[in-house]
Amino acid sequence: MSAEARAQAATAQPQANQQACRVVAVKPFVSKGKVRGTAVRTGCADQARLRVRITVAVTGPDRIVKSGSQIIGNGRITAGATCTATARRYYVVALDAQGRVNTSRSVKLSCGRPAASRGFASTAETSVVRLTNAARAKNGCRPLVHDRKLHLAAERHSADMAANNYFDHDSRDGRTFDQRIRVAGFAFTRAGENIAKGQPTAAAVVRAWLNSPGHRANIMNCAFTHIGVGHNTKGPTWTQDFGTH
């Protein structure tokens with residue numbers, strides 16, 4: 001199947017895909033002055049204690065700065081650790097009582113003002129924003145601002161699709177893209193989403209979107225002012241969330 005055939009616009013229909021029981025650790029992020037870490041348990045027929053641990057990389061053994069647990073079947077739990085102005089490298093560990101363990105990618109986080117406005121996106125995600133804005137410029141549109149909250153919504157969806165092996169605008173729990181954007185804290189008057197899977201680079205995925213009328217319409221919509229891009233290496237899986245306050 002071609003890369004273009006794998007790309008879907010925001011009108012996609014849900015796909016059913018039964019999954020084996022697993023736990024997933026979501027990459028940590030900063031919200032309301034805390035470092036947040038989320039553990040997800042999905043595809044399970046039984047109940048078990050799910051634990052989330054926020055860990056900071058330090059000299060010597062890495063240090064757990066916050067943990068939490070809950071007995072659940074399928075669902076997610078989130079813990080919050082105190083955030084400082086000094087940037088530190090954090091990662092999340094998810095594990096359940098059945099011995100399933102998953103560790104997120106580490107990320108450098110800080111609650112200082114300089115760190116709050118940059119450094120939240122990967123190189124690939126930043127490249128997608130740059131290439132998207134270059135294409136918009138040819139259409140006379142202003143560049144989109146890479147927004148931390150939209151990035152969070154997009155990254156969470158890419159991670160969820162990758163972890164649960166599905167490809168759809170609707171999450172497995174039924175949430176739509178606009179609901180995910182609101183949960184991430186971005187208040188909007190209009191919003192849109194592009195997703196894609198299988199493209200190895202930022203250039204490839206932007207090219208696939210531009211070659212698809214529905215995706216191109218989102219990119220070339222001059223009414224959008226902000227963007228968030230989420231990339232997961234499994235797939236690879238890509239999400240573009242667009243918004244206007």
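User: Where is Gln199 placed, and why does Gln199 count as buried or exposed?

Analyst: Gln199 sits in the loop between β10 (190–197) and α6 (202–210); helices (H or I, at least four residues) and strands (E, at least two) are DSSP runs, numbered from the N terminus. The relative accessibility of Gln199 is 1%, so Gln199 counts as buried; buried means under 20% relative accessible area, exposed over 50%, partly exposed in between (1.4 Å probe, protein chains only). This is a predicted model, in which local features need pLDDT of at least 70 and side-chain atom pairs count only at pLDDT 80 or more, while totals for chains, interfaces and linings use all residues. Residues are numbered from 1 along each chain as its sequence is written, and side-chain values use heavy atoms, with hydrogens and water left out.

User: What makes Cys21 and Cys44 a disulfide?

Analyst: Their S to S distance is 1.9 Å, and a disulfide is a pair of cysteine sulfur atoms within 2.5 Å, so the pair qualifies. The angle about the S-S bond is 80°, and the link is right-handed. Cys21 lies in the loop between α1 (3–6) and β1, Cys44 in the loop between β2 and β3 (48–56), 23 residues apart. Cys44 is buried because its relative accessible area is 9%.

User: How many disulfides are there by this rule?

Analyst: The count is 2. Cys141 and Cys222 also form a disulfide, with sulfur atoms 1.8 Å apart; this link is left-handed, with -75° about the S-S bond.

User: Why is the pair of Phe224 and Phe242 called stacked?

Analyst: The ring centres are 5.4 Å apart and the planes make 20°. Rings of Phe, Tyr and Trp (its six-membered ring) pair if their centres lie within 6.5 Å; planes under 30 degrees apart count as stacked, over 60 as edge-to-face and the rest as tilted, so this pair is stacked. Phe224 and Phe242 are both buried.

User: What leaves one side of β1 and of β5 without a neighbour in the sheet?

Analyst: The open sheet has 3 strands in the order β1-β2-β5, with antiparallel pairing. β1 (22–31) and β5 (75–82) stand at the edges with a single partner strand each, so one side of each has no neighbour in the sheet.

User: How do you know that β1 and β2 pair?

Analyst: 8 bridges join β1 to β2 (residues 34–42); two strands pair if DSSP finds at least two bridges between them, so β1 and β2 pair.
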